[in-house]
Amino acid sequence: DKNVREERLAPVIEEIHAQFDEQYPEETAKIDECIYKLQKFVVRRWLLDEGKRVDGRGIDEIRPLAAEVGLIPRVHGSAMFTRGQTQVMTITTLGPLSDAQILDGIDNEESKRYMHQYNFPSYSVGETKPSRGPGRREIGHGALAERALVPVLPTAEEFPYAIRTVSETMESNGSTSQASICASTMSLEAAGVPIKKPVAGISCGLVTGDTDDDYIVLTDIQGLEDFFGDMDFK
């Protein structure tokens, strides 16, 4: 558990600083960097040498899943998807085709009738900061989830509506973009959109060692494995 781990690490970090801050008064930032690098080394060697994950899961084991639909009574569709400590709620809104988003780009696409937006508020990771417009990360994650869902949507002839899904990250510990795909699938179905098939998203992580044969691929990475790993695959 992320909170338990951070709670137990705090006194260890305090003890390190108590021992070395006075000896190296101008190097406290470097001490923090050393602590970070040691954590990274331990996590990676556990994985590569022992196949051991921080939360005790197997390499291909998924965190506990939970799902709920129809949370918000006055919207067309809503759903909450939870995977471990990652939780996303998606709201679906339907409108006439004239509500399609007009695009002013350099390619031939002039409009799109399916819009997927993704929000990542600071409280989802226990932080406090001003809520402003979406940044590059939010726009990219929204586009990633949108790309996964577009192929299963009905055509305008089959379902003559513009469709907007908004994914709100309630809690984050790894791969919220993929959780937004799962929540959006359920939310679309709750709104009565006749999608061709349900879509699920998950993130797998690559950790590499010193040789070409020294690597491991993890299923359903959490935040720490994302930070300390080499690459993740959606």
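Is serine 175 buried or exposed? At 10% relative accessibility, serine 175 counts as buried, where buried means under 20% relative accessible area, exposed over 50% and partly exposed in between (1.4 Å probe, protein chains only). Before going further, please keep in mind that this is a predicted model, in which local features need pLDDT of at least 70, side-chain atom pairs count only at pLDDT 80 or more, and totals for chains, interfaces and linings use all residues. Residues are numbered from 1 along each chain as its sequence is written, and side-chain values use heavy atoms, with hydrogens and water left out.

**Overall build**

- The protein has 5 helices and 10 strands; these are DSSP runs numbered from the N terminus, with helices (H or I) of at least four residues and strands (E) of at least two.
- Along the principal axes, the C-alpha atoms fill a box of roughly 70 × 40 × 40 Å.
- Of the 234 residues, 40% count as buried.
- Among contacts (heavy atoms within 4.5 Å) between residues at least 6 apart in sequence, 66% join residues at least 24 apart.

**Surface and charge**

- Leu38, Phe41 and Val42 make a nonpolar surface patch of about 290 Å²; patch residues have over 30% relative accessible area and no salt bridge, and nonpolar side chains are joined within 5 Å.
- A salt bridge here is a side-chain nitrogen of Lys or Arg within 4 Å of a carboxyl oxygen of Asp or Glu.
- Valine 42 belongs to helix H2 (residues 28–50) and is partly exposed, at a relative accessible area of 33%.

**Two loop residues with positive phi**

- Serine 175 sits in the loop between strand E7 (162–171) and helix H4 (176–190), and its phi is near 60°, a positive value in a residue other than glycine.
- Aspartate 220 also has phi near 60°, again positive in a residue other than glycine.
- The loop holding aspartate 220 runs between strand E9 (215–219) and helix H5 (223–228), and this residue is buried, with a relative accessible area of 1%.

**Around glutamate 225**

- Glutamate 225 lies in helix H5 and is buried, with a relative accessible area of 5%.
- Leaving aside residues up to four places away in sequence, glutamate 225 touches Arg53, Val54, Arg57, Leu218 and Asp220.

Methods. Patch = residues over 30% accessible without salt bridge, like charges linked within 9 Å, V, L, I, M, F, W, Y side chains within 5 Å. Areas by Shrake-Rupley, 256 points an atom, 1.4 Å probe, with all protein chains shown as cover.
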